[in-house]
Amino acid sequence: MAHRTLIPIGPYHPLQEEAEFFQLYVEGETVVDMDMRTSYNHRGIEGISMKRTWDQVPYVVERVCGICSASHPLAYVQAVEELAGAEVPERALYLRTIINELERIHSHLLWFGLAGHFIGFNTVFMWAWRYREPCLDALEIVTGSRVNYANHTIGGSRKDLTPEMVKAIRRNMDEIDGPLDMFITTCLEDPVLAVRLKNVGVLTEEAARRFGALGPTARASNIPIDVRRDDPYAAYDRLDWDVITCANGDVFDKVVVRLLEVKEAIKIIRQALDDLPEGPIQTPVKEVPPGEGVGHVEAPRGETFHFVKSNGGPRPERHKIRAPSFNNVPTFKASCIGQPIADVTITLAAVDPCYSCTERMLVARDASTGKELMTLSDLVRLSQQKTEEIRKNI
Amino acid sequence: MQAVIAVILGIFGTAFFGLLFQWVDRLVTARIQWRKGPPIYQPLADILKLLGKETVVSERASVGWFLLAPVLGFTGVCVAACILWAALLNPQPDSGFVGDLIVVVYFLIFPSLALILGASASGNPYAAVGASREMKLVIAYELPFILAMVPPILKANLSLKLTDIVQAQSDGVTLASVGGFLAFLCMLAAVQAKLGVVPFDQAEAETELTGGAIVEYSGPALAMIRLTRGMLLFLLPLFVITVFWGGVHFSGWGWLTSPLKFIVLLVVIVLMRNTSPRLRIDQAMRFFWFIVGPIAVAAAFISVYHHGML
């Protein structure tokens, strides 16, 4: 058997800025097996949000991920609105659509730049991020902040658009539109990029279904799922747009799907600005009755899912979040094994993983008795024991 | 006396221009990427800073080879630089020695070999992969690189002396013939790989191997590697100009044309590195063996035919 080495990617690796750990078992340059670990940085967001009042939670959940900070609050407020039976005003629905699509543009362009960086194409990195700026500026105009928009509230939207803001967003969209076409042509026609990305890290349709892949990861594998169309929320059912899919499921298709989705997002924003109805942006929601509610939103990476349970009190009794990376990241088992190391990095990055969304607590239980093997108090006791031992030996 | 001048210029002049070129490279790259770029003294500042840092050697490294490798690479570049400068400063037929072209070619492989040696000695898995990639790359580009020498050598009537090659181009540069031009193109590709920049930076591949072959180096040892890289950035264009483009002259129009040749080559290198992604190592090898290699062979045959030896 060939000599097998372990190449670690992480826990801290320049490939990705978050703490994650991929173990690549390598023979020569070929990856023969892989394993991964996350949760180096568990923040207990669900726990925190169960200690906050209903209207404070959106500001907590938008910090689940710095990039999806419109999608998580929207999914949450939709869950609560379902529970409370609130009718959201028309204008607020359009505002939500605009902000969520702006978020999609900035997220996809961010990913496109990083993908360029991962394959050593730093010019793409810098250019994509430069043309992401107008989008961030637009978000700042609309919400007052470039990240963590704090704009979705239960029953509506926090900040209204003035005609000047509408004009400014239009201008910024025009600014992105031209360069975006350039990115798409470059991407489709550049021969070196094609050599580097085509037929790399193929996620077949069958495998994508098996792993329950979501969002652009699934759509690049020819699975046309999109919450915006399948279970419309905000104003998506009133607008004209397409679900983009590609057939091959390789990294190249994932690039194409995302770039074309940015194009669609610009289209959606322009329509929403044209059709923006007049009226209030907030219905008052006085109380949340006991019961359960779910909300899901097509975040840039796929469906993000929020479940809330109320006992009629001032805060959620249970709040559960399932972010898309939780489904997308494990697809590496199907797409990375058998690839050379050089392709694994870009394949891992191609699902646009977001580890902060995927962090989970792990509890070890005895299979037969169901008892926790090691609790926090056990760990504290062990730690104190060791301190005692060390003290004795000094 | 002339030898002393050649040595002083060869080492310090190459280092000076190398760092200057590194700055131009970084500045142009920054401007292409909508960034501001560093001030002119930055490459020197980087090296001075590294010189003041601690050299950390991993427990798993074999210390001697690990620390010797950067010195070997640096020495190789210095020797090649001295021979080239000597041929430039005194382009008379009687200067230099027979076969100095071959010696320069050999010393130009030194930095790559030193990198492989140092990476293998460092005991780091990333460096091991980096070393194996560098080895594959050397195997891939060396053959086209050497084959590309055939047209200039033929033009100089089968002389392997640098001064003869420069002299032979006084009535028209090697680059101007078909075979010469093709060989020149092959040379440019090989230069890119020798410099270890995109699309041929597989051995370092920051986002894959976190620096690969040089991941374990720090302090003065890393400074030496950086300086070697910088010197190569000047030395390889100088070599290409000497062999293909009539050399460097400092008289009359020479003051204008000589720097211009460097600028053209540097621009080509910088543009290539900014408009392409990193190739996979097998793609890079295939590129050199199945595209650059045959072109180099064709260039050699065309020149042989051209000089009536077939």
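In the predicted model, 24 residues of chain B are in contact (heavy atoms within 4.5 Å) with 30 residues of chain A. Carbon and sulfur atoms give 60% of the roughly 2400 Å² buried between the two chains, buried area being the accessible area (1.4 Å probe) that two parts lose on being put together, summed over both. On the side of chain B, Trp34(B), Thr207(B) and Arg280(B) lose the most area to chain A, together 27% of what that side buries.

One salt bridge (a side-chain nitrogen of Lys or Arg within 4 Å of a carboxyl oxygen of Asp or Glu) is found across the interface. It joins the side chains of Asp343(A) and Arg280(B), at 2.5 Å from N to O. Helices α5 (125-147), α9 (206-209) and α12 (281-306) of chain B each supply at least two residues of the side that touches chain A; α5(B) gives the most, with six residues. Helices (H or I, at least four residues) and strands (E, at least two) are DSSP runs, numbered from the N terminus.

In chain A, three strands form an open antiparallel sheet in the order β1-β2-β3, where pairing requires at least two DSSP bridges between two strands. Strands β1 (4-9) and β3 (30-37) of chain A each have a single partner strand, so one side of each is left without a neighbour in the sheet. Seven bridges join β2 (residues 21-27) of chain A to β3(A), and Phe22(A) stands opposite Met36(A) in β3(A).

Residues are numbered from 1 along each chain as its sequence is written, and chains are lettered from A and ligands numbered from 1 in the order in which they are written. Local features need pLDDT of at least 70, side-chain atom pairs count only at pLDDT 80 or more, and totals for chains, interfaces and linings use all residues, while side-chain values use heavy atoms, with hydrogens and water left out.
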